[in-house]
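Here is a short report on one residue, its helix and the surroundings. Please look over the sequence and the 3D structure first.

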Amino acid sequence: MYNVRMTIAFVGTALFPYWLNYQILSIPLTLGVVAAALSDIDDRFSVRLRNLLFTYVGFFTTAALVEVLFPHPILFAFALILMCFSLILLGSLGKRYATISYGCLVISVYTMLGVDLFPNWYEQPALLVAGAAWYGILSTISFLLFPVRVVQDQLDQCYRQLGNFLFVKSNLFDVDMTSESYQQSMIDLSLASGKVISIFNETRVALLTRLKGDRGQKDTRRSLQYYFIAQDIHERTDSAHIDYLQLAKVFQHRDILFRFQRILSLQAKACQDLAYAISNRQPYHHNSRFKYAFKNLNNSLEQLTKEQHYDMVWIKSLYSLQKNLKEIDAQLLNLESERAFMKNKTLQKDDALKDDDLTGWKDIKQRILSNFSPESGLFRHATRLSILLLISHVVVQLMDLEYGYWILLTVLFVCQPNFNATRRRLKLRIIGTLAGVLLGTFFLHFIPSNEGLLIISIISGVLFLQLRSQQYAQATMFITLLALINFHFADPQLNAALPRAIYTIIGCCLAWFGVMFIWPDWKFRRLPNVLQRTLTNQCAYLAEIVKQYHNGRNNGLDYRLVRRQAHVMDAELASLISTLATEPEFDALRKQQAFKFLCLNHTMLSYIAALGAHRQQLDEQEILDVLDQAFSDIQGALLFDERPELKAQAAIETLRQHIQKDHLLISEPATLVLQQIVLMLNILPELSQLKQNLNDTDDPHATALASL
């Protein structure tokens with residue numbers, strides 16, 4: 001549907017000027033469509049109309065300012081800095097405002113490119129807004145025809161990423177696992193979890209906008225059910241009941257690991273099948289092979305129990321894992337049942353989603369002031385990009401470069417908040433531009449008819465917007481081709497191919513200079529802060545779980561919020577550490593320690609998630625006391641760098657002796673709690689030590705780079 005909508009949009013901007021025999025109109029109309037598509041925000045109907053109004057007002061205002069101030073270079077330079085800085089900082093108010101602000105920046109540079117095309121100052125701004133409005137009409141019609149399509153697409157991506165996460169998790173049951181392959185598997189698992197959390201956040205926003213305007217629509221409520229079940233499956237999948245490296249050594253000659261791996265692979269495939277069913281609005285059919293897979297797994301577990309060759313701690317952990325996988329299977333099996341839907345519908349207190357939207361002028365002031373500081377990455381990016389655009393403008397003015405404002409456009413698209421993302425875009429932008437120039441030159445020479453070039457421009461525009469998120473080099477190639485064809489229509493004698501290539505390379509060099517030397521946002525400087533926030537959120541997650549073992553299971557907003565935030569920070573940590581190696585002169589020892597910390601941190605989160613997956617009220621006070629003490633030990637070691645004797649370990653040992661001496665029996669949930677506490681305490685000292693090592697700022701390489 002997106003491709004159909006974009007095809008209609010570009011057909012309109014191509015054919016309307018063609019019928020009027022005034023082809024120059026296609027440039028601002030097409031650029032208006034592109035800017036509007038980049039600024040498109042999913043929301044319910046009433047807010048969508050408000051967003052479109054804000055977008056059009058912003059587009060016209062910024063374009064008009066460029067037109068009016070452009071003849072006055074010095075005044076224009078000051079206005080450029082102020083406008084760029086203000087628009088980027090406006091993004092601190094939320095994704096909606098960040099998206100609209102970015103679109104306004106794009107429109108401002110597009111206006112610079114065509115500032116000499118029309119005699120009156122208001123003509124180009126009006127045409128740019130007309131192109132944006134044309135896209136807005138089409139997107140609104142599409143929304144009215146398919147109001148839940150966006151949510152379905154998000155849920156489709158949720159379960160696709162969830163399926164990939166399950167596939168990655170199945171690698172931990174490899175009987176040939178080594179310490180090196182285990183570490184790589186944990187890194188892969190953490191990165192895959194980050195992708196799941198990212199799409200969860202996008203889906204939450206899409207659902208929240210629908211729920212605000214919900215009138216009891218069944219589709220919205222069922223989508224909410226799908227979302228909650230996906231979150232539960234993720235928590236259960238991410239949970240760990242055992243040390244996987246030791247597990248592979250103990251059971252390397254048995255079939256038990258293969259059976260667990262088989263079920264995880266089947267569940268991964270089931271999630272992907274469910275994603276396909278959601279996307280095509282078809283019923284999901286649960287795979288009948290699960291019944292036999294679980295039956296054979298249970299037979300293998302019973303056989304291990306009868307042989308009595310293994311420690312019962314291992315056997316009980318395997319049974320806990322089996323129970324967890326059965327819960328995932330039950331969620332998938334009953335996902336579309338009316339009983340499950342009605343059960344979810346009656347739990348109104350658990351249906352709430354946290355709303356991150358603005359709550360008033362006080363909230364607006366607080367968000368802006370919190371980012372109005374050099375400590376804010378958004379503030380540094382706004383400053384850096386403003387300076388780069390000013391430098392680009394001075395270069396264009398001093399050298400009198402025709403269409404030199406392609407340099408500013410390149411800087412705007414390429415310059416990202418951090419070094420790694422910018423470096424990646426630099427390479428892809430240059431490759432895509434050169435490919436687009438070659439392709440455009442070929443088409444302009446060998447396709448003489450305007451009709452043929454119009455068709456190619458329409459296809460190029462659609463492919464650019466389709467590929468811009470995933471295939472940046474290819475998207476750049478198509479937008480270059482579209483630009484060359486449009487400027488050829490404006491002036492057939494103009495050969496814009498070579499200038500486009502040269503100005504793109506200049507813009508990329510300036511962007512590289514900016515991220516290297518203008519307030520560089522090196523990842524390693526953020527590492528101590530991210531470490532602390534990650535561990536703080538993990539402890540908050542554990543605290544909520546401990547509370548529910550005291551008071552009973554509750555899946556309300558408080559629990560889901562701390563769970564989500566713990567996984568969000570784990571994903572941010574994984575993203576940060578995975579890019580550290582790309583930064584210049586990063587110390588090899590610190591890199592090794594960072595990846596080790598990432599593995600242990602995600603292992604700790606998995607142990608906590610297992611407690612969360614099985615949480616229920618316990619009656620054994622001795623177990624609850626041990627759990628409280630374990631939380632105190634973990635919080636002290638991770639947040640306050642305390643290194644006392646772990647009191648929880650002593651309490652567990654005392655409890656074990658008491659159980660053995662008096663032949664006491666404790667419940668299965670209590671046994672699981674003790675097992676998880678032992679697992680967490682075993683890795684706690686090393687995790688705490690790694691955190692302190694990574695927080696050490698005496699590294700000479702780090703000190704040298706921090707001074708840039």
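Predicted model: local features only at pLDDT ≥ 70, side-chain atom pairs only at ≥ 80, totals over all residues.

Is S139 buried or exposed?

In it, S139 counts as buried because its relative accessibility is 3%, and the cut-off for buried is under 20%. The residue lies in helix α6, which spans residues 123-145.

Leaving aside neighbours within four places in sequence, S139 is in contact with R5, D40 and R48.

## Packing of α1 on α6

Helix α1 covers residues 2-20. It packs against α6 at an angle of about 150°. The two axes are 10 Å apart. That angle makes α1 roughly antiparallel to α6, since angles over 145 degrees count as such. The crossing of the two helices is right-handed.

From α1, the residues Y2, R5, M6, I8, A9, G12 and T13 take part in the contact. They meet W134, Y135, L138, S139 and S142 in α6. By class, this contact has 7 nonpolar, 4 polar and 1 charged residues.

## Transmembrane annotation

An unreviewed UniProt entry lists residues 20-39, 51-70, 76-93, 100-119, 125-146, 428-446, 472-489 and 501-519 under "transmembrane region".

Two of these stretches can be set beside the model. Residues 76-93 are 78% helix and 0% strand. Their end C-alpha atoms are 26 Å apart. Residues 501-519 are 89% helix and 0% strand, with end C-alpha atoms 28 Å apart.

Notes. Residues numbered from 1 in each chain as written. Heavy atoms only, no water. Helix = DSSP H or I, 4+ residues; strand = E, 2+ residues; numbered from the N terminus. Buried < 20%, exposed > 50% of the residue type's maximum accessible area, 1.4 Å probe, protein only. Contact = heavy atoms within 4.5 Å. UniProt positions renumbered as here; feature names shortened; annotations may be inferred. Axes fitted to C-alpha atoms, helices over the stretch in contact; angles between N-to-C directions. Parallel < 35°, antiparallel > 145°, perpendicular 65-115°, else oblique. Left-handed = near helix turned anticlockwise from the far one by under 90°. Nonpolar A, V, L, I, M, F, W, Y, C, P; charged D, E, K, R; others polar.
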